[in-house]
Amino acid sequence: MTTPSTIGRGTTIRGSIRGDGDLELHGYVEGTVTLGGDLQISETALVKSDVSAKRVFVRGAVAGNISATEIIILEPGARVVGDVGAPQIGIRPGALVRGNVATGAPLPPRPVHVAAPAAAQAQRGRPAVAAPAARTSAPAARAPVHVTPGRPVHAAPSRPVAPPPVARPVIARPPPAPHPVAPPPPEPEPEPEPEAELEAEAEPMMEEEPAATEEALEAGASEDSSSPPPPVVPAVPKGAKAQVRRGRGGK
Amino acid sequence: MAGTIIGSGITIEGEITSDEEVVVSGTVRGKLSVDGGVTVESGAVVEADVAAGTLSVGGHVTGNVSASDRVDLLAGGRLVGDVKAARLTIADGASFKGNVDMDV
């Protein structure tokens, strides 16, 4: 019924590709790709878009999220920067991935993604004062986020919406980073959280790390530097913490 | 073998540029710029401005068309839009509505 489709090496598409057939990509695609059939992304292909299909086989470069209703296979030579979600995922030796990988269900639809940056932005502007109080409640606040099974991938980016994490990044983020996906050398991190959560956390790390760092620096410069706690924050005079707390309590 | 084939199950909305042959059996909306040949198969729908080396239309094309070499409107083909090309053939059984500019 449907003829096999190919986007050749010399072809560039800016826009959306939809359909229920199979597609082979050898060229450049910027936009979105949504297929009901199989999608093959070859060595020469460069895809800068979110991709979803029944089955996806990647040998080329993809900058965007990949979602499949059946299976995703990242072959040797694949370079993926983005989230990967499908009931079955295969990553062959030689494939590179930078992003959150989740088996179980296809990635949730986009909107969640869009909302997150805005929230993060708003968060950035928020006064640091709110942080410590919130920090205590942080674990509780985080829990629901990770529980939701339907949206494992984007749960993390949306996390900044809750006030607590503002200060948290300084504390909590650096450790999980090295964990599942990020390239830097792994440091054993005795965080008692389930693996799923670590995974979820890994992705925002990469995307938001600069922001977090900025925040940390800012915080370091301001009075708040003292308040945020323990492990990672560099030398904080012992009295300072209490002092700040007192000061804040007064407010 | 054609470089790019847009199969009958596929819809592309946006801009397609290519320097190799493009065969359209599906649906294309937007813009199609190709250095080589473009073939619009019977059953295909192209709602786009098309610029190509050669264009062969067996399906439905709506939009302005320019070809550096030639445009062939095949039997069963339908073209609505202006055509600018050095050579133009319209087969018996084709439908065409638009202006023709052949660089006279």
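Visitor: How many residues does the contact take from chain A and from chain B?
Guide: This is a predicted model, in which local features need pLDDT of at least 70 and side-chain atom pairs count only at pLDDT 80 or more, while totals for chains, interfaces and linings use all residues. Residues are numbered from 1 along each chain as its sequence is written, chains are lettered from A and ligands numbered from 1 in the order in which they are written, and side-chain values use heavy atoms, with hydrogens and water left out. Contact means heavy atoms within 4.5 Å. On that rule, the contact takes 23 residues from chain A and 20 residues from chain B.

Visitor: What area do chain A and chain B bury between them?
Guide: Buried area is the accessible area (1.4 Å probe) that two parts lose on being put together, summed over both. Carbon and sulfur atoms hold 42% of it here, and the area is about 1500 Å².

Visitor: Which residues form the salt bridge between the chains?
Guide: A salt bridge is a side-chain nitrogen of Lys or Arg within 4 Å of a carboxyl oxygen of Asp or Glu. The count between chain A and chain B is one. Its closest N and O atoms are 2.8 Å apart, and the residues are E13(B) and R18(A).

Visitor: Which element gives the most to the side of chain A that touches chain B?
Guide: Strands (E, at least two residues) are DSSP runs, numbered from the N terminus. The elements giving two or more residues to this side are β1 (5–7) and β2 (11–19) of chain A. With nine residues, the one that gives the most is β2(A).

Visitor: Which residue is the bridge partner of R14(A) in β2(B)?
Guide: Two strands pair if DSSP finds at least two bridges between them. β2(A) and β2(B), residues 10–18 of chain B, run antiparallel and are joined by nine bridges. Within this pairing, the partner of R14(A) is E15(B).

Visitor: How many strands does chain B have?
Guide: Along the sequence, the pattern of chain B is β-β-β-β-β-β-β-β-β-β-β-β. Chain B has zero helices (H or I, at least four residues). The number of strands is twelve.

Visitor: Which residue stands opposite K84(B) in β12(B)?
Guide: In chain B, seven bridges join β8 (residues 65–73) to β10 (residues 83–90), in parallel, and R70(B) stands opposite R87(B) in β10(B). β10(B) also pairs in the parallel sense with β12 (residues 100–101) over two bridges. Opposite K84(B) stands D101(B).
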